[in-house]
Amino acid sequence: MSENKVTCLHDKHVALGALMSPFGGFDMPIQYAGIVEEHNAVRNAVGVFDVSHMGEVHVTGPEAQKFVNYIFTNDITKMQVGGIQYGMMLYPDGGTVDDLLVYTMGENDYFLVINAANIDKDVAWINEQAAKFDVKVENQSESYGQIAVQGPEAEKTMLEVLSLDCSDLTFYTFKCVNYNGDNMIVSRTGYTGEDGFEIYASHKTIQDMWDMLIEAGVQPCGLGCRDTLRFEVGLPLYGDELTAEISPIMAGFGFFVKLDKDDFIGKEACAKQKAEGAPKKLVGLELHDKAIPRHGYEVCNENNEPVGYVTTGYRGISVDKSIAVALVDAAYGKLGTALKVHIRKKYFDATVVKKKFHDKSYKK
Amino acid sequence: MSKIIEGLYYSESHEFVKVEGDFGYVGITDYAQHELGNVVYVDMPEVDDEVEAGEDFGAVESVKAASDLVCPVSGTVVEVNEALEDEPGLINKDAFENWIIKVQLSDKSELDGLMDAAAYKAFIKE
């Protein structure tokens with residue numbers, strides 16, 4: 001346990017009786033009341049997550065826009081101040097370094113939000129690429145705490161419990177708010193497929209807000225339901241659906257890879273995959289049985305020959321079926337293809353379906 | 001505080017055996033169900049399957065993970081708890097009442113290698 005970092009809310013999780021477990025180098029809460037209860041709270045009402053483990057990197061300087069656009073797949077030149085884009089950083093071969101959010105804070109001023117497990121790797125990667133640009137890169141991960149308020153009642157909760165009127169924020173925009181002398185960032189973003197907000201602020205402010213939300217009866221939610229929620233709506237998790245071996249083209253996230261913009265790392269490889277077809281494809285699977293496909297289980301063709309593996313799988317919570325996302329040879333990627341999942345000693349029939357199992361309900 | 005029942009046999013992998021004559025009812029303990037959380041699926045063998053002490057005979061799955069079931073005794077499966085197919089969460093309601101398989105025991109001396117209630121109580125406190 002001692003080698004894992006802790007977030008500024010760690011003691012509060014322990015006091016709430018959360019089941020704690022290592023994730024991305026941090027000792028994180030997996031569940032409080034139970035994954036199903038927490039999942040349903042977010043789908044039907046509201047829940048709050050500690051996501052302080054996420055990393056934050058601030059990029060500024062005369063060439064900040066040019067630089068970020070060079071290491072990022074989306075096109076940040078299309079963004080106004082207050083805008084946010086989702087996209088990836090790629091290796092030259094198209095494999096994924098990380099998926100991230102880019103916040104446009106001002107002219108040549110960007111705030112990058114990266115995955116906890118990748119902080120050291122990403123910062124090293126960004127610094128390496130930055131050598132050729134006139135920019136300043138600051139890893140601010142340890143200065144920020146972060147919470148996510150998610151669910152159909154999120155806007156109401158932000159107003160009534162935290163006195164933050166967010167009705168002016170549209171999906172994927174943010175504002176900077178001065179809160180008792182603390183400059184914080186509030187964005188209409190999340191990782192659950194529901195409407196919701198994320199707040200980046202000092203540890204003290206995050207601790208105060210967490211307390212207010214818990215006191216008001218908002219359900220604390222762990223990483224357990226964060227995974228079931230994001231999975232059901234088809235959002236990828238780095239390490240599962242995106243890896244150094246899985247390009248965003250294979251994963252079906254080509255929308256976030258702007259091949260019509262100036263050169264960026266991985267552009268050529270992605271253009272080639274798009275033109276010639278990627279060798280592998282990420283697909284949804286629905287099992288005909290109740291058996292549950294899990295990460296790493298083998299996916300086979302009708303002759304029980306391996307053609308891929310499960311990246312994430314669950315007994316769905318909002319969807320009452322055994323469902324998975326799997327990376328398979330492209331030849332087996334068509335909707336309706338009959339495949340099998342090797343679970344313990346048996347092979348279970350499955351059908352290729354869309355990998356969005358539950359509809360998102362964002363407020364755009 | 002996990003419930004422990006006197007008179008049952010317990011394994012280190014948190015299965016129990018309740019013996020009635022030549023038969024043993026095998027399930028997971030209250031401690032195990034609590035550690036797992038919401039049980040969403042129980043993978044059970046079929047009637048007439050042979051099971052062997054120390055070998056996997058299925059799995060109990062929570063939302064988060066699959067946990068192998070290790071059979072504490074050898075024998076032949078004579079019944080599986082079909083109620084768990086439609087309602088796996090019964091294990092969370094009462095793990096001891098909702099056994100998973102009924103086994104015709106082939107070697108009752110295997111029971112000597114399992115823990116009694118007092119020993120299991122001490123075991124889960126460690």
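A:C300 stands opposite A:K340 in β18(A). The model is predicted: local features need pLDDT of at least 70, side-chain atom pairs count only at pLDDT 80 or more, and totals for chains, interfaces and linings use all residues. Residues are numbered from 1 along each chain as its sequence is written, while chains are lettered from A and ligands numbered from 1 in the order in which they are written. Helices (H or I, at least four residues) and strands (E, at least two) are DSSP runs, numbered from the N terminus.

**Barrel of chain A**

- The strand β15 (residues 298-300) of chain A is joined to strand β18 (residues 338-343) of chain A by 2 bridges, and the two run antiparallel. Strands count as paired if DSSP finds at least two bridges between them.
- Both strands belong to a closed barrel of 6 strands, β14-β17-β16-β15-β18-β19 (chain A), with antiparallel pairing.
- On average, neighbouring strands of this sheet are turned by 40 degrees against each other, direction ignored. Axes here are lines fitted to C-alpha atoms, for helices over the stretch in contact, and angles run from 0 to 180 degrees between N-to-C directions.

**Open sheet of chain A**

- An open sheet of 6 strands with mixed pairing has the order β10-β11-β12-β9-β3-β13 (chain A).
- Its edge strands, each pairing on one side only, are β10 (174-179) and β13 (219-221) of chain A.
- From one strand to the next, the twist averages 25 degrees.
- Strand β3 (residues 47-50) of chain A runs parallel to β13(A), with 3 bridges between them. A:Q219 is the bridge partner of A:G47 in β13(A).
- Helix α2 (residues 35-44) of chain A lies across β3, β9 (145-150) and β13 of chain A, at about 115 degrees to β13(A).
- Helix α6 (residues 203-215) of chain A lies across β3, β9, β10, β11 (182-187), β12 (196-201) and β13 of chain A, at about 30 degrees to β9(A).

- A:G151 sits in the loop between β9 and α5 (154-162) of chain A.
- A:G151 is buried, with 27 other C-beta atoms within 10 Å. A residue is buried if 20 or more other C-beta atoms lie within 10 Å of its own, exposed if 12 or fewer, and partly exposed in between, with C-beta atoms placed from the backbone.
- Not counting residues up to four places away in sequence, A:G151 touches A:A41, A:V42, A:A45, A:V46, A:G47, A:E194 and A:G196. Contact requires C-beta atoms, placed from the backbone, to lie within 7 Å.
- A:G151 and A:K274 are 123 residues apart in sequence and 35 Å apart in space, C-alpha to C-alpha.
- In helix α3 (residues 64-71) of chain A, the buried residues are A:A64, A:F67, A:V68, A:N69 and A:I71. These residues pack against β4 (55-60), β5 (84-90), β6 (96-106), β7 (109-114) and α4 (119-130) of chain A.

**Domains of chain A**

- The domain assignment gives domain 1 (10-52 + 144-232), domain 2 (53-139 + 247-277) and domain 3 (279-353) of chain A. These bounds come from an automatic or database domain assignment.
- The centres of domain 2 of chain A and domain 3 of chain A, taken over C-alpha atoms, are 31 Å apart.
- Their contact takes 4 residues from domain 2 of chain A and 4 residues from domain 3 of chain A.
- The side of domain 2 of chain A that touches domain 3 of chain A has 2 nonpolar, 2 polar and no charged residues. Ala, Val, Leu, Ile, Met, Phe, Trp, Tyr, Cys and Pro count as nonpolar, Asp, Glu, Lys and Arg as charged, and the others, Gly among them, as polar.

**Chain B**

- Chain B has 4 helices and 9 strands, in the pattern β-β-β-α-β-β-β-β-β-α-α-β-α along the sequence.
- The radius of gyration of chain B is 13 Å, close to the 14 Å that the globule rule gives for 126 residues, so chain B is as compact as a globular protein of that length. The radius is taken over C-alpha atoms, and the rule is 2.2 Å times the number of residues to the power 0.38.
- Of the 126 residues of chain B, 40% count as buried.
- β6(B) is mostly covered, with 5 of its 7 residues buried.
- β6(B) pairs in the antiparallel sense with β4(B) over 4 bridges, and with strand β7 (residues 66-70) of chain B over 5 bridges.
- B:A59 of β6(B) stands opposite B:D43 and also opposite B:D68 in β7(B).

**Interface between the chains**

- 10 residues of chain B are in contact with 13 residues of chain A.
- β4 (39-43) and β6 (56-62) of chain B each supply at least two residues of the side of chain B that touches chain A; β4(B) gives the most, with 3 residues.
- By class, this side of chain B has 5 nonpolar, 2 polar and 3 charged residues.

Note on methods. Two residues are in contact if their C-beta atoms, placed from the backbone, lie within 7 Å.
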